[in-house]
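Please have the structure open as you read.

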Amino acid sequence: MTARDGPPPGRPRDTGWGLQGGRVAEAPSLVVLISGGGSNLGALLDACRSGALRARVVAVVSNRADAGGLRRAEAAGIPTVVSLLSTFRTVGGRPAFDAHLAELVAAFQPDLVICAGFLHLLSAAFLDRFGAGRVLNLHPALPGELPGLDAIRRAWDEAQAGRRTRTGVMVHEVVVEVDAGPVVRQAQVELVPGEAFDAFAARMHAAEHRVLVDAVRQRLQELSA
Ligand code: GRF
């Protein structure tokens with residue numbers, strides 16, 4: 001599977017390619033890190049394809065061999081890489097894994113690295129390679145709330161216990177603290193009394209897809225300003 005290595009034949013479209021100073025300029029590049037089904041990756045791919053986001057996903061990297069998002073990427077003709085922390089257990093552990101991950105991501109020369117359902121805490125060994133402002137993470141909670149795994153389920157559980165009426169989603173710059181770092185974009189999601197978990201989770205995922213695309217667009221604009 002190879003990435004597109006030039007503009008499509010004929011007149012450049014305004015999706016993915018643009019004219020700058022009379023020359024065809026490539027759209028900004030994204031490497032997306034995943035661990036799961038990849039619905040958020042799918043939202044990015046759809047937005048790139050439709051022109052809603054002027055960017056191109058140049059590689060998808062997973063830390064799980066069975067991540068469903070790998071199939072989405074392959075279907076879209078995007079290079080995929082699987083890299084497992086377990087491979088490094090006896091040879092350097094997490095710092096060595098993160099340094100290796102940084103090398104393989106850097107090889108694609110991304111403008112932004114997007115953690116979209118990537119269940120691995122990136123350390124300085126990775127972040128120092130790119131700069132925090134170029135590595136973004138999607139987290140299904142508002143800033144300072146519900147860090148860590150299963151934030152959607154925990155928000156719903158708290159609502160059932162009468163302790164929460166709203167949650168949200170955010171995209172933030174990745175720092176070494178878990179699900180913290182300067183916020184690029186966020187959106188609030190209300191908890192509706194009596195709503196089943198699956199319906200609530202579907203609304204949260206829809207919010208994630210919107211906020212992720214908006215955040216990537218915003219950060220690319222900020223970087224080019
Ligand atoms: C998303 O809810 C993400 O925020 C969370 O894991 C889920 C991944 O979904 N951390 P997908 O793989 O993008 O479908």
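A crossing is left-handed if the near helix is turned anticlockwise from the far one by less than a right angle, and right-handed if clockwise. Helices (H or I, at least four residues) and strands (E, at least two) are DSSP runs, numbered from the N terminus. The model is predicted, so local features need pLDDT of at least 70 and side-chain atom pairs pLDDT 80 or more, while totals for chains, interfaces and linings use all residues. Residues are numbered from 1 along each chain as its sequence is written.

Helix α1 (residues 39-50) passes helix α6 (residues 197-224), their axes coming within 9 Å and crossing at roughly 50 degrees. α1 is therefore oblique to α6, a word for angles that are not under 35 (roughly parallel), over 145 (roughly antiparallel) or 65 to 115 degrees (roughly perpendicular). The crossing of α1 with α6 is right-handed. On α1 the contact uses S39, N40, A43, L44 and A47; on α6 it uses H205, E208, H209, L212, V213 and V216. Contact here puts C-beta atoms, placed from the backbone, within 7 Å.

The ligand has 13 residues around it, with G36, G37, S39, N40 and G117 nearest. α1 and β7 (135-139) each give at least two residues to this shell.

Here are both groups by class:

Key. Axes are lines fitted to C-alpha atoms, for helices over the stretch in contact, and angles run from 0 to 180 degrees between N-to-C directions. Two residues are in contact if their C-beta atoms, placed from the backbone, lie within 7 Å. A residue is near a molecule or strand if its C-beta atom, placed from the backbone, lies within 6 Å of it.
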